[in-house]
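Here are my notes on the model you sent. Please keep the structure open while you read them.

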Amino acid sequence: MSHPVKASEFLKDPDKAKWHDETLWFVRDKRDNSSKGIPEWEKLRDTASQIKDNVLANLDKYLLAFEEKAKANHIHVHWAKDAEEHNQIVLRILQKHKCKAIVKSKSILTEECHLNPFLEKHGVDVVDTDLGERIVQLLHQPPSHIVLPAIHLKKGEISDLFHEKLQTEKGNEDPEYLTHAARTHLREKFLAAKVAITGVNFAVAETGEFVVCTNEGNADMGVHLADVHIACMGIEKIIPRRKDLGVFLRLLARSATGQPITNYNSHFRSPSPGKELHVVLVDNGRTKQLAREKFKNSLKCIRCGACMNTCPIYRRSGGYSYGSVVPGPIGSILSPGLDIKKHSTLPFASTLCGSCSDVCPVKINIHEQLYEWRQEIAKSQGLNIKKLSMQIANGVFSVPFAYQMSGALLRGALKILPNSIAYSGINAWGKQRELPEVPQETFKNWYKKNKA
Amino acid sequence: MSSKASIIASIKEIPLESKELPEIPRFEFSGNLADNFSIAISNNKGAVISQTQLGNFIASNGITEIIALSAGFDAYNTRSLPSSAHELDNLQLAIIQGQLGVAENGAIWLTDENMGLRALPFITEHLVIVLSKNALVPFMHEAYDVIGDQQSGFGLFVAGPSKTADIEQSLVIGAHGAKSLQVILI
């Protein structure tokens with residue numbers, strides 16, 4: 001289904017859509033206040049962008065250096081060329097430990113690989129422990145935003161869900177009450193899990209360590225109580241030096257939520273005595289994206305979500321309208337690289353206003369890449385209605401008689417055409433717009449009469 | 001070919017322009033380290049307290065399950081560090097020593113040495129960190145200078161209590177981890 005079709009589903013509830021728009025703008029506003037609070041903001045963005053450029057130019061070397069250091073620190077390092085291999089690696093580790101129930105903190109990569117349904121098919125019970133992710137998991141939904149997974153839901157809906165699944169009081173919508181109910185529910189899961197899975201925010205080539213950032217502390221609650229920790233990361237998450245973390249940790253939370261730093265920033269370098277630590281390095285289309293000169297910069301993304309919060313389309317169409325794991329502007333330049341046919345409408349879900357590029361902490365030229373993808377998609381799809389109409393227009397404009405005739409025809413047609421022409425599925429611009437009033441005469445005639 | 005070999009080979013095939021790794025710039029800090037640090041902690045929904053306030057906090061909340069690992073705070077200890085983190089589930093208060101604090105954001109650096117068990121600062125109901133005023137630095141950049149190539153299996157920057165805003169963006173303290181963070185600056 002295309003973005004416009006799904007967006008119109010979202011807009012069927014105008015009050016909720018308005019709330020969604022305003023709430024994300026509020027998060028964007030917090031990001032502005034936070035970034036303006038430090039005068040060195042632009043310098044930090046420049047530095048982060050240059051570090052990431054250097055990473056992409058040396059990705060093979062940094063990956064090998066990371067692996068060497070990590071292995072020396074007793075971390076098991078696995079390489080997966082695609083989602084299927086990633087899932088198999090995780091499953092093998094679970095089977096080795098005879099593990100049937102795991103806890104998992106936020107990892108967009110495991111969403112990308114569809115790890116949950118894969119593990120469930122193999123009899124493993126997966127519990128997402130980030131509150132927002134747990135909420136959407138209980139509803140059998142994917143996250144609608146990479147930082148705020150349940151931002152499309154109102155507290156009444158969460159209250160009903162928790163009443164049904166966690167036996168909370170009917171009608172109690174107090175966020176504190178609901179959060180603490182989830183705390184009790186998830187505490188049991190943390191204490192019972194033998195294996196915990198996390199994502200990775202940054203992996204340091206110099207030291208072989210990796211960093212996971214949360215506000216809830218759910219990643220740490222999982223891994224420090226489990227015997228085995230599996231960290232899943234895309235190969236682009238590498239950074240060269242430990243001191244680079246200083247730059248990225250200053251940018252990440254400020255861009256994401258407006259906080260100066262996430263409350264927990266955990267640096268994993270080697271397992272606790274008697275425990276196991278695994279890292280899975282996943283390609284899944286990343287090297288292909290790296291080979292696309294115009295689009296490789298999309299791999300600099302640190303998944304802060306700022307481009308979503310600022311995007312006038314994302315705010316008014318919701319995460320699900322994109323139909324891709326990463327929604328919003330950054331998703332619209334990443335997803336076509338994975339499947340250009342499936343995601344062909346995403347680069348058009350933009351006004352090209354450039355706000356996404358302005359807020360991006362690593363200075364990805366998102367709106368320019370959106371424009372570039374449009375060219376690629378037009379090329380791959382061949383002749384379309386728009387192109388056909390331009391060709392007709394070209395013919396009409398080059399023959400004066402045809403031009404005069406078509407003017408007269410259209411003026412007549414506008415008066416008698418039913419609205420269904422303007423408000424049909426092929427004309428998205430017709431929605432909430434009226435047909436223009438028809439002038440009484442042509443401009444040519446008007447000019448003849450009035451030129452004196 | 002192994003997946004590792006094929007991933008590395010496909011990267012090597014791509015003609016990539018070389019890009020220089022930048023030096024990390026230095027930024028000027030204005031203000032008082034301890035003042036800025038305290039403001040940052042309270043913005044993160046934590047608090048900087050005195051040792052007297054700690055005593056009151058323990059008494060008024062009827063806290064009896066305490067593990068104090070910070071030197072000079074042994075008197076608060078009511079139990080010793082267990083061998084398994086699972087036994088920390090009913091822990092009410094952990095008092096641990098921080099290594100350094102960052103004035104711009106309130107982040108405090110801890111390693112295995114300070115935590116005893118890695119789960120400790122997360123699973124405890126309340127967390128108190130003792131930190132020397134001399135261990136404050138302006139920005140994250142200076143913090144990583146101090147950390148340097150320090151070797152620890154686990155390191156943590158903790159900046160506040162466990163929190164979430166996943167329900168309608170309403171801030172709630174105490175999602176999964178510690179419900180409060182209090183810092184004693186000495």
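**Notes on the two-chain model**

1. Helix 3 (residues 41-57) of chain A packs against helix 12 (residues 244-256) of chain A at an angle of about 125°, and their axes lie 10 Å apart. Axes here are lines fitted to C-alpha atoms, for helices over the stretch in contact, and angles run from 0 to 180 degrees between N-to-C directions. Helices (H or I, at least four residues) and strands (E, at least two) are DSSP runs, numbered from the N terminus. Helix 3 of chain A and helix 12 of chain A are therefore oblique to each other. The cut-offs are: under 35 degrees roughly parallel, over 145 roughly antiparallel, 65 to 115 roughly perpendicular, and the rest oblique.

2. Which residues make this contact? On helix 3 of chain A they are Leu44(A), Arg45(A), Thr47(A), Ala48(A) and Ile51(A). On helix 12 of chain A they are Asp244(A), Val247(A), Phe248(A), Arg250(A) and Leu251(A). Two residues are in contact if their C-beta atoms, placed from the backbone, lie within 7 Å. By class, the contact of helix 3 of chain A with helix 12 of chain A has six nonpolar, one polar and three charged residues. Ala, Val, Leu, Ile, Met, Phe, Trp, Tyr, Cys and Pro count as nonpolar, Asp, Glu, Lys and Arg as charged, and the others, Gly among them, as polar.

3. A word on the source. This is a predicted model, in which local features need pLDDT of at least 70 and side-chain atom pairs count only at pLDDT 80 or more, while totals for chains, interfaces and linings use all residues. Residues are numbered from 1 along each chain as its sequence is written, and chains are lettered from A and ligands numbered from 1 in the order in which they are written.

4. Chain A has 22 helices and 10 strands. Its C-alpha atoms fill a box of roughly 95 × 55 × 45 Å, taken along the principal axes. Of the 452 residues of chain A, 48% count as buried. A residue is buried if 20 or more other C-beta atoms lie within 10 Å of its own, exposed if 12 or fewer, and partly exposed in between; C-beta atoms are placed from the backbone. Take contacts in chain A between residues at least 6 apart in sequence: 73% of them join residues at least 24 apart.

5. Chain B has six helices and 11 strands. Its radius of gyration is 20 Å, well over the 16 Å that the globule rule gives for 186 residues, so chain B is more spread out than a compact globule. The radius is taken over C-alpha atoms, and the rule is 2.2 Å times the number of residues to the power 0.38. The C-alpha atoms of chain B fill a box of roughly 65 × 45 × 40 Å along the principal axes. Of its 186 residues, 44% count as buried.

6. How do the chains meet? In all, 67 residues of chain A are in contact with 58 residues of chain B. Helix 10 (residues 175-192) of chain A gives the largest share of the chain A side, eight residues. By class, that side has 30 nonpolar, 20 polar and 17 charged residues.

7. One helix pair spans the chains. Helix 4 (residues 59-72) of chain A and helix 1 (residues 3-13) of chain B pack at about 150°, with their axes 9 Å apart. They are therefore roughly antiparallel to each other. Leu59(A), Asp60(A) and Leu64(A) of helix 4 of chain A meet Ile8(B), Ile11(B) and Lys12(B) of helix 1 of chain B. This contact has four nonpolar, no polar and two charged residues.

8. Check Gly132(A), in helix 8 (residues 131-138) of chain A. Gly132(A) is buried, with 24 other C-beta atoms within 10 Å. Leaving aside neighbours within four places in sequence, Gly132(A) is in contact with Pro143(A), Leu148(A), Pro149(A), Ala150(A) and Asp166(B).

9. Two loop residues deserve a look. Arg303(A) has a positive phi of about 60° although it is not a glycine. Arg303(A) sits in the loop between helix 13 (286-290) and helix 14 (306-310) of chain A. Gln169(B), also not a glycine, has a positive phi near 65°. Gln169(B) lies in the loop between strand 9 (163-164) and strand 10 (172-173) of chain B.
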